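Please look at the model first.

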Amino acid sequence: MDEREFIVNFTPTGMIPTRAQTPYVPLTPAEIIEDVLSAAEIGISMVHLHVRDPQSGAPDFRPELYAEVIDGIRRYAPEIVIGVSLSGRHYSDFESRSAVLHLTGAQKPDMGSLTLSSLNFNRTASINAPDMIRQLAELMLEKKIKPECEAFDTGMINYAQYLIRKNVLQPPYYFNLILGNIACAQADLLHSGMMIAALPPDSLWSLGGIGDFQFKMNMTGILYGGGVRVGLEDNLFLNPDRKHPATNQELLRRIQCAGQLCGRKVMPSAHLRQLLGLEAGNGRYGVKA
């Protein structure tokens with residue numbers, strides 16, 4: 001791995017931001033496609049997609065919505081690594097959470113999110129029972145889709161180690177380390193360092209932060225030699241005073257400038273595909289056979 005490069009994992013939409021909170025969050029398939037393609041021009045390595053109901057803006061899981069977004073992105077940016085959300089925060093049954101994993105061909109995602117334990121947010125819980133985590137991981141293994149492991153504390157990394165011992169997770173591994181949630185690891189050097197040190201060998205990782213902590217954790221990731229998770233999914237404002245609602249493009253340009261100041265540049269998707277053992281894109285997606 002070229003240490004001058006860093007992963008930019010772009011998170012444009014998420015499940016929480018609404019139009020009432022920010023006018024800039026992309027909600028419809030067309031808006032998400034446009035935002036991702038604009039991000040690709042600035043520079044990203046991968047994208048972490050959520051879809052919303054086009055009429056209500058509510059979180060959705062329907063594979064046809066994911067297929068529309070993935071098609072629209074790959075028509076113009078066929079190399080970008082595309083990950084899809086398998087979150088259980090709004091849909092708890094396996095069939096809904098895993099539906100997108102059955103897409104094939106040019107609509108097949110490269111990666112699927114795998115939150116490694118249940119956790120509490122400020123007002124809601126995300127329930128990820130052991131059987132659910134394992135079922136999702138096993139289906140991704142069968143479908144040759146790389147898990148995008150999400151860890152909010154070191155205990156979740158411990159569970160990833162357990163899945164590795166059970167041969168459910170296969171190297172190389174990718175982790176989003178997300179800090180600053182009230183009930184999990186806090187956004188500081190001690191917690192981030194402990195999580196990075198706990199990662200299994202042959203892991204790539206990106207640091208993300210909740211709300212005001214996003215830029216702080218992104219900078220920590222760049223300085224520690226890892227990547228970043230950045231976008232309106234986790235943070236709606238450009239500065240902690242919360243007077244400037246951010247666009248995804250502003251968040252990405254700031255990260256690119258920060259990387260340049262540290263002597264690092266955005267990792268091209270083609271290089272990330274090689275490091276993760278993914279197909280080369282341009283019509284072939286998921287984990288190499």
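Phe 10 stands opposite Val 47 in E3. Strand E2 (residues 8-10) and strand E3 (residues 46-49) run parallel and are joined by two bridges; strands count as paired if DSSP finds at least two bridges between them. Strands (E, at least two residues) and helices (H or I, at least four) are DSSP runs, numbered from the N terminus.

The model is predicted: local features need pLDDT of at least 70, side-chain atom pairs count only at pLDDT 80 or more, and totals for chains, interfaces and linings use all residues. Residues are numbered from 1 along each chain as its sequence is written, and side-chain values use heavy atoms, with hydrogens and water left out.

E2 and E3 belong to a closed barrel of eight strands with parallel pairing, in the order E2-E3-E6-E7-E10-E11-E12-E13. On average, neighbouring strands of this sheet are turned by 30° against each other, direction ignored.

The structure holds three aromatic pairs (ring centres of Phe, Tyr or Trp, for Trp the six-membered ring, within 6.5 Å; planes under 30 degrees apart are stacked, over 60 edge-to-face, the rest tilted). One of them is edge-to-face, because the rings of Phe 121 and Phe 152 have centres 5.9 Å apart and planes at 80°. Both residues, Phe 121 and Phe 152, are buried (under 20% relative accessible area; exposed is over 50%, partly exposed in between, with a 1.4 Å probe and protein chains only).

Two arginines lie over ring faces (CZ of Arg or NZ of Lys within 6 Å of the ring centre and within 35 degrees of the ring normal).

| Charge | Ring | Distance from ring centre |
|---|---|---|
| Arg 89 | Phe 121 | 3.9 Å |
| Arg 254 | Phe 215 | 4.2 Å |

Methods: Axes are lines fitted to C-alpha atoms, for helices over the stretch in contact, and angles run from 0 to 180 degrees between N-to-C directions.
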